[in-house]
Amino acid sequence: MSLIIVSPLARIAEMAVRHKAREMISLLAANQDFHRPAVIQAERHLKLAMNDITFAGTGDLIAPQEAHVAEIIKFAKAWDQASPLVVHCWMGVSRSPAAAMIASLAVAPDDDDDALARRLREASPFATPNMRLVEIGDEMLQRGGRFVKAVKALGRGADADGNTPFTLPLPQRAPVTP
């Protein structure tokens with residue numbers, strides 16, 4: 001089964017090694033430096049500069065944009081799924097869960113939005129996906145509002161300490177019969 005590993009920055013190396021990941025998406029503020037784990041292929045590491053905000057026009061902060069979501073979708077579609085994909089932000093609570101859900105829908109467009117939201121909540125009681133990313137993802141993936149509705153129905157996650165990675169499984173594929 002293919003997995004997406006959602007992690008806070010502090011635990012990316014541990015998660016990448018534990019799950020034998022080779023690909024990663026980083027969603028951090030501009031100029032926030034960190035070391036890419038050695039097991040992550042440099043050419044399969046997408047770094048997106050954005051702050052965890054839900055509206056544009058906030059001084060020097062960078063709100064998630066359509067270009068960011070387009071990059072997440074493109075990267076996910078090129079993911080070979082032979083090993084898990086690590087998606088991380090600073091705390092692993094808002095930007096990375098939203099990006100993980102977008103990546104999941106990019107590779108499994110037939111997935112049910114409510115089922116995806118339930119898998120996310122089962123995997124993490126703390127996740128509160130960034131709604132700006134979700135809204136842009138809904139539009140770009142042509143979900144017709146279903147993705148936004150499903151994530152809003154989740155509500156806010158429990159208070160988090162930013163040290164709780166989790167795995168988001170992709171939907172089970174029906175077996176192919178000859």
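Helices (H or I, at least four residues) and strands (E, at least two) are DSSP runs, numbered from the N terminus. The model is a predicted one, in which local features need pLDDT of at least 70 and side-chain atom pairs count only at pLDDT 80 or more, while totals for chains, interfaces and linings use all residues. Residues are numbered from 1 along each chain as its sequence is written, and side-chain values use heavy atoms, with hydrogens and water left out.

**The largest pocket**

On a 1 Å grid over the protein atoms alone, a pocket is an open set of points where a 1.4 Å probe fits, with protein on both sides within 12 Å along at least five of seven lines, and its lining residues have an atom within 4 Å of a point. A volume is the space filled by probe spheres set on the points, which are joined across faces, edges and corners. The largest pocket has a volume of about 160 Å³. It is lined by 13 residues, of which Leu28, Gln32, Asp33, Phe34 and Lys47 are the closest to its centre. Strand E2 (23-28) and strand E3 (45-49) each supply at least two lining residues, and E3 gives the most, with four. By class, the lining holds six nonpolar, four polar and three charged residues, where Ala, Val, Leu, Ile, Met, Phe, Trp, Tyr, Cys and Pro count as nonpolar, Asp, Glu, Lys and Arg as charged, and the others, Gly among them, as polar.

Two packed helices are described by the angle between their axes and the distance between the axes. The axes are lines fitted to C-alpha atoms, for helices over the stretch in contact, with angles that run from 0 to 180 degrees between N-to-C directions.

| Pair | Angle | Axis distance |
|---|---|---|
| H3 (95-107) and H5 (131-140) | about 15° | 8 Å |
| H2 (66-78) and H3 | roughly 50° | within 8 Å |
| H3 and H4 (113-123) | roughly 140° | within 11 Å |

Angles under 35 degrees count as roughly parallel, over 145 as roughly antiparallel, 65 to 115 as roughly perpendicular and the rest as oblique. H3 and H5 are therefore roughly parallel. Their contact (heavy atoms within 4.5 Å) is made by Arg95, Ala98 and Ile102 of H3 together with Leu133, Val134 and Gly137 of H5, and these residues divide into four nonpolar, one polar and one charged.

H2 and H3, by contrast, are oblique to each other because of their angle. On the H2 side the contact is made by Val69, Ile72, Ile73, Ala76 and Lys77, and on the H3 side by Ala99, Ile102, Ala103, Ala106 and Val107; nine of these residues are nonpolar, none is polar and one is charged.

H3 and H4 are likewise oblique to each other. Here Pro97, Met101, Ser104 and Leu105 of H3 meet Asp113, Leu116, Ala117, Arg119 and Leu120 of H4, a set with six nonpolar, one polar and two charged residues.

**Methionine 131**

Methionine 131 lies in helix H5. Leaving aside residues up to four places away in sequence, methionine 131 touches Thr54, Val148, Val151 and Lys152.
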